[in-house]
Amino acid sequence: MPDTKEHTQSILDSIARRCKSPGGAIAVLKDGQLLAQRIWGFADLSQRIPLTPHTQFPICSITKQFICALILDLERTIPSIRSQLSDVLPDILPGIPVTIDQLCHMQSGLRDYWALTTLLGAKPDDEFLIERDSPGLRARTKSVHFAPGTEFSYCNLNFHVLGLALERVTGRPLGELLQERILSPAGMETAFLCPNTAEHPAPCVGYEGDEKRGFVPAVNRMEWAGDAGLVASLDDMIAYEKYLDACYADEGSWYRGAVAQPVFGDGTVAPYAYGLSHVDIGGVKTVGHGGALRGYRLERRHASSERLSVVVLLNGEGDSSGPGAEIFREVLDIPKPVLGAIKPVEEWFGAFLDRDTQLAIVVTKGAREGEIAISYAGGPEKVALSAPTQAKNNSMVAAINGDTLEVHRIRDNRRLSARRIVPDEAILNTPYQGVYHCEEIDSTFHCIGEAGTFYSAFDGYLGQGHATPLKYLGGDVWALTCPRGLDAPAPGDWTVVFHRDENNAVKGFTIGCWLARGLEYIKKI
């Protein structure tokens, strides 16, 4: 393994040259020691303030593992902490029977609350405050979109609830607990919990946009409670990786338990536990997490078998997980996967509707020969062809048979069976326009337009949202695009499946995305 400092430094230099972001900071650690780091660009473009190893970034959802670390560490001195946390869950989420582990492992079946804010009338630049807005959202959480413990679906509400539960049980602020139990022991000298994204410390600015459109400072005015909120510098993250390497060497540490392979209720291997995503990179098992906020993309990952860690911090919206995986491959000399010269059958391409989830699956050609792209859980996922009618990657296996698409979402523990949906010009004249209401979340949907040109807008307790175009997919199925939301990345496309009565009149629809599915709206006007 060519893990010399010079070799690793050349890898990081290459990443920096190709990473189109206002600035970035990357570090690689081996055997508990810093092997190389690379800092480039600016914390603030307008003030020409350069990034340094001391610049504090919001590390966003990387915070989730710190919340779980706090629970596991508290358990060492307060054995009853888990039962105490369980006891307050009914007060925080009445009528939802979930366990602490299901919340920690993203197996609760709860819908993601940042996704739901779109349906509740929020605009992307709106303010969301915990004390003012969280109770109303939790009061509208009345069901789950799959049986708890059976599947994986990313959900920020899981950790929002854990953060609130920790404060109620201990009677102490979450930031104080994290500082005492995790941040200080890890030597993260400048890291702290900053729940309100409008109050992040200077000078780091997060930027939306790209080289073609230009970089514009992102507006963030949301407040987090456990699902994110930590602020840390590259120096802090280096200290954290050293701390985790030392923890792993101690068989009695909380980290040893946190990185154990998780399973679903049926015993099937699961992809996520205790705020850590389990990812195989070229046969090397790693754990870590990404982070995202409008204007920021971040990633940290650790391979305990190799004692290798990678940290990527960007104050732009470029990819952070891709460079992280590339660094692992280069440092460990793992060959890149070679695609075969297999050509896909034409039947792959188009839109399909899954029977159970009522979510659209769109299949397009891949960027390279021998692969296709499947869009279901947010954005397109690259899937390599193993035969003209079969494809697979680490997270899914797919097959096409005429108009039927079968997908085994391995990481989700779900099998999709989808039928092709075909555009029909006659359907475009359907009078979809009107006012619809979802009783469960008290959300009103306005469909405006005619002759196949329709727009949607949501009203809810958070306000009146923007009007958004609906995109026709086929049959009575439409896509509602959501490229920007309060949180980032936004939900992406929502699938809207209109339903008809016995007289063929539109009576309502089902709406959903991977983060939040299965909500029913009834036509009122």
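Buried here means under 20% relative accessible area, exposed means over 50%, and partly exposed is in between, with a 1.4 Å probe and protein chains only.

A quick word on the ground rules. This is a predicted model, where local features need pLDDT of at least 70 and side-chain atom pairs count only at pLDDT 80 or more, while totals for chains, interfaces and linings use all residues. Residues are numbered from 1 along each chain as its sequence is written, and side-chain values use heavy atoms, leaving out hydrogens and water.

On to the cysteines. With a disulfide taken as a pair of cysteine sulfur atoms within 2.5 Å, the structure holds 0 of them. C60 is in no disulfide. C155 is buried too, since its relative accessible area is 0%, and its sulfur is too far from the closest cysteine sulfur for a bond.

| Cysteine | Nearest cysteine sulfur | Distance |
|---|---|---|
| C60 | C204 | 10 Å |
| C155 | C513 | 11 Å |

Next, N315. You'll find N315 in the loop between β13 (308–314) and α11 (321–331); helices (H or I, at least four residues) and strands (E, at least two) are DSSP runs, numbered from the N terminus. N315 counts as buried because its relative accessibility is 0%. A polar atom of the N315 side chain lies 2.9 Å from the backbone nitrogen of G23, and a polar atom of that side chain also sits 2.9 Å from the backbone oxygen of F42.

Finally, an unreviewed UniProt entry places "domain: D-aminopeptidase" at residues 343–521. That stretch is 0% helix and 59% strand, with its end C-alpha atoms 41 Å apart.

How values were computed. A polar contact is a pair of N or O atoms within 3.5 Å; within protein, one must be able to donate a hydrogen and the other to accept it, and residues adjacent in sequence count only if both atoms are side-chain atoms. UniProt positions are given in the numbering used here, feature names are shortened, and annotations may be inferred rather than shown by experiment.
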